[in-house]
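Biologist: Before we go through this chain, I would like each term to be set against its cut-off.

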Amino acid sequence: MTGKQALLILIAGSSLAGCANLGVKPWEREVLARDDMQLDAQPLDTAIDDHIYFSKEGTSGGRGFGGGGCGCN
Amino acid sequence: MANNDKRIGEALAVAACGLLGAAAPSASRAAEPGSGWDVDTAFLFYGESDGRVKDASVSALAIRDYGDERKLSLDMTLDTLTGASPNGAIASDLPQTFTSPSGRSTYTTPAGEIPLDSSFHDTRVALNASWSQPFARLYSVDAGLGFSSEIDYQHLGLNAGITRDFNQRNTTASFSVAYGFDTVKPVGGVPAPFAAMGDAVGEDDEGNASGQAGSNQDKKVLDVLAGFSQVLGRHSVLRVNYSYSDSSGYLTDPYKVLTVVDPVTGEPVLRTPPPGVEGPGGIYLFEHRPDSRRRQGLYTELRQDFSGNVLQLGYRYSTDDWGIDSHTLEGRLRFPLGESGYLEPHLRYYTQTAASFYRYSLANGAPLPEFASADARLADMDAYTVGVKYGHQTPQGNEWSARLEYYEQTAKAPAETLIGNQPGTVQMPDFSAVILQFSYHFKL
């Protein structure tokens, strides 16, 4: 394992431990429940963008599996 | 004091989560249980400058919620592509003639211009279906399959994933795997690696006159995605994805060539086709890429509400064994406009380093490299997007929206790939594009 990977795992581990203290109670989710606060609020826009950038740039993906399945790259 | 400590602890945790957090591929725009179908439709126009690629496309995504978090999702896209695409050859002081991919005709690029192949046109149909449902307390599973077809390309894909909620559903961890099996069937056949572009063979004959490696080739792509999402507070949520992608098989672009140039002048080496035959006026070799590629990526996205305004910030880092490292920064700010509308400006910046086998051209007489491509998408590159979206909710709860974006891309050939007098005369196929999209969201 390289030093870089070890550091990444350390950061990941400590971040997750930190996350255990975060969050809200179920009755505090009014804002979080809104459509515009969902992480995939606009799935079609995301899919279209992923497809465009997949065909025009050297790297793609990362957000989900979108963009692939095309002979354009 | 204890209160202060707690606040500091929370602040540190937020900071730590900021470094790395989480992602769940949740079906967005949660449909009301039992309400039937939730449908998103879009019409897209994508047009590049200088008569290059144009894409008109229609898409629809329908999600049916059967209650108890059981959901069926179906989507369909139809693309029609037309226009001209760079063939990889460099610009020259003289007009340049090329054989079209079908091998049946030639086209000529005027002096001083980047060669574009205008025979580029395609129709693409893509269909995807997926199902998700709870699996046990706090777990859900999803599975899907996808298919797409073009004149010269077919894709078949399968995916499956598992998601688990923790910490009163404030933390979500997910793990997904996708496998794609693609078939490339280039117009005119698969050119052999570094085969020279051949002369045109006329309307009656089959295939390209260049060296052939069969009529089709396969490509397999394995994608793995590990994600976490974390609620940071009443107004913010964060996600981080780690992605790994392993592609193998035919990863070459069958239509792209490299220009063979004079090692001193850096100008294309000229060639005369046999008498009575039409063909290339230079030596152009079909590109050849490695048959495997491993890519890793880290994607982070934050959504933060400020009294009804929503800021979305994203960053992606990607690195692969082709030598392409990229950074993408993206931001959107959505704010209400009027009674039932919203406006959402968008900015995106992308930068990448060149693939180790990227070449602007090849020197005549020099030994061929193991792999080479002059595709500008594999060169050093910067790109940005500026856009705005306007959306409006109807009294029935449906929504229509329009977005307009401007994209500009600038590529650069690394200095060490230039030959002879090329430094100073390099021309890259830079372009700008307009993205115009109309969408309508409704319930059935």
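This is a predicted model: local features need pLDDT of at least 70, side-chain atom pairs count only at pLDDT 80 or more; totals for chains, interfaces and linings use all residues.

Modeller: Residues are numbered from 1 along each chain as its sequence is written, and chains are lettered from A and ligands numbered from 1 in the order in which they are written.

Biologist: What makes up chain B in terms of helices and strands?

Modeller: Chain B holds one helix and 23 strands, where helices (H or I, at least four residues) and strands (E, at least two) are DSSP runs, numbered from the N terminus.

Biologist: Why are β1(B) and β2(B) called paired?

Modeller: Two strands pair if DSSP finds at least two bridges between them; strand β1 (residues 37-48) of chain B is joined to β2(B) by 11 bridges, so the two count as paired, and they run antiparallel. Gly47(B), for instance, stands opposite Lys54(B) in β2(B), and the hairpin of β1(B) and β2(B) has five residues between the strands, with Asp50(B) in the turn at a positive phi of about 55 degrees.

Biologist: What joins β2(B) to β3(B)?

Modeller: Strand β3 (residues 71-82) of chain B runs antiparallel to β2(B), with 12 bridges joining them, and Ser73(B) is the bridge partner of Ile63(B). These strands also form a hairpin with five residues between them, where Gly67(B) in the turn has a positive phi of about 85 degrees.
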